[in-house]
Amino acid sequence: MKRLLAAYSWLVFAFLYLPIAVIVVLSFNDSRFGVSWTGFTFKWYEALFESRRIGEYLSNTLVVAFSSTLVSTILGTLLAIGIVRYEFRLRNFLRYLLYVPVVVPDVVMGISLLLLFDTVRDSIGWPPLSLFTIILAHISFQIAYVTLVVRARLMLLDPALEEAARDLGANNWRTFWEVTLPLIWPGVVAGALLAFSLSLDDFVVTFFTSGAGSTTLPLYIYGKVKTGITPEVHALSTLMVGATILTLVLGVLFWRRR
Amino acid sequence: MNEAATPWQKARRLLVTVGPGAFWLVVFVLIPSVLVFLASLLSRSSTGSLAPPWGLHNYVRFFSEPLFWEIVGRSLWLGWWATVFTVLLGYPLAFYIAAHRYKQVLLLLVVIPFFTNFLIRVYAWIILLQREGAINALITAFGLPPADLFPSTLAVYLATVYTYLPFLVLPLYAAVERIDWNLLEAAYDLGATPVRGFWEAIFPQTVPGLFAGFLLTFIPAVGTFVIADLLGGGKITLIGNLIQQQFGSAQNWAFGAAVSMILMLMVLLGLWLYARTQGERGLDELV
């Protein structure tokens, strides 16, 4: 029974990794077409690094990911503190509002933001669909995830620690910087990492809120899949998978040290 | 918290902590949702954008044409079966991981595909399934004729199961981790067979995680348009594809907004059923 479970589970793991493995292998395959192995090569990676367009898409993707993560981590952390620590009217309403970006299918999230940007642009002529609108859109779903992750950490925290700091004469600002923030820091980092990877991964919301000149890597891959996948896409995907694994391993190591 | 705080101090604290985030959620989540609702009551103008007259005509159109019923049915059907297959793969896996000596490492093996770019995971299936793809290369190596695996409904199912498997395993694993195995011992002491012991002592303890995982798989599987778009070859229209088409090539935003509202109502209905069975806390378990 135990061995059967183990065999079954490793088959499931194989299922999880087979598609990724095929792409990684093909990214080093000399042949431009098909899946037959004709020799080892780095030429697709060279082509990738020489392509100025792909460099631009990468920089677009990173600009969006870094700026949206920065804003959503700050807003989400403050929001979590407020929701956990203070009683106020509309608190429950806010809590339900937080679940909306988590449970709404991303197509609906995408078109709703498209409608917002379109409505505003109709009346004041701004903003055009661009990296800026993509960043606004990403913050809007990231903020919910950051808040929920930080909130989980805050709820484990003893409020007496903060009260003790206040009793010792620290003002709110100092209490926040010297007591609350260091204690919830692992939650903030986890929330930021999650927000960052959600931004890197997002295709659907970006698809609806991007305009000319704001192509990100997922949009580029989508376009290539529609028009014809080339080995450069495999090389790009392999690098992205590598970056994912590296980030996760670093994240786990960071968490274990805490 | 601080009893001595004046109303002004309280207001200032709220303004600093909750204020910016709440403002953001209202502007970028609440208002857009209201806009979708309003747009669903409008009509398509001659240029393809939104225009009066107002009315329920988009909803009437949706519910009066069998084609759209078919699309909803197909989406729910796909969501249901894809989720069932995901459970079949993921349920035993969660137990295996939880009992393993290196469970942290195995868990990481589930998390890596979870964080791997969605589009990469979807297009990988094209490489596996297409006519000159990896699976056909294997089939023809045995002297068999190549199979037409892509584009197909099968491809859509495979990629959906594949994409959402980690979404199911992670909450399920959390539930399996918390299992009180003493109950199984007790069941055995009372003479239960292994099957009955599992069914009555262990399975009920995994139900909350199973429900959460089910929902986390079912909702996006019903709502996705990318998988059917890329692996169905444009022949399989799900409710997500319908929305995307209305906002894209069909240029009928009003109708697309109405379809979005219907999809949202379906999701809310699912969540409501979930909250009824799992209670308020269940929602927190989802994330």
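User: How many residues does the contact take from chain B and from chain A?

Analyst: This is a predicted model, so keep that in mind. The contact takes 69 residues from chain A and 67 residues from chain B. On the chain B side, helix α1 (residues 7-40) brings the largest share, 18 residues. Sorted by type, that side of chain B has 52 nonpolar, twelve polar and three charged residues.

User: Why does B:Gln205 count as partly exposed?

Analyst: Count the C-beta neighbours: B:Gln205 has 17 inside 10 Å. Buried needs 20 or more and exposed needs 12 or fewer, so with 17 B:Gln205 lands in between and counts as partly exposed.

User: Where does B:Gln205 lie, and which residues does it touch beyond four places away in sequence?

Analyst: B:Gln205 lies in helix α9 of chain B, residues 194-223. Its contacts are B:Ala175, B:Ile179 and B:Asp180, once residues up to four places away are left out. As for B:Ser33, 172 residues apart from B:Gln205 along the chain, the two C-alpha atoms are separated by 37 Å. The contact cut-off is 7 Å, but it applies to C-beta atoms.

User: Which members of the largest nonpolar core touch the most other members?

Analyst: Those are B:Val122, B:Trp125 and B:Leu231, out of 146 residues. Helix α7 of chain B (residues 153-177) gives this core its largest share, 15 residues.

User: What is B:Val122 in contact with, leaving aside neighbours within four places in sequence?

Analyst: B:Val122 is in contact with B:Ala159, B:Thr163, B:Val226, B:Ile227, B:Leu230 and B:Leu231.

How values were computed: Residues numbered from 1 in each chain as written. Chains lettered and ligands numbered in written order. Predicted model: local features only at pLDDT ≥ 70, side-chain atom pairs only at ≥ 80, totals over all residues. Helix = DSSP H or I, 4+ residues; strand = E, 2+ residues; numbered from the N terminus. Contact = placed C-beta atoms within 7 Å. Nonpolar A, V, L, I, M, F, W, Y, C, P; charged D, E, K, R; others polar. Core = buried A, V, L, I, M, F, W, Y, C linked by C-beta atoms within 7 Å.
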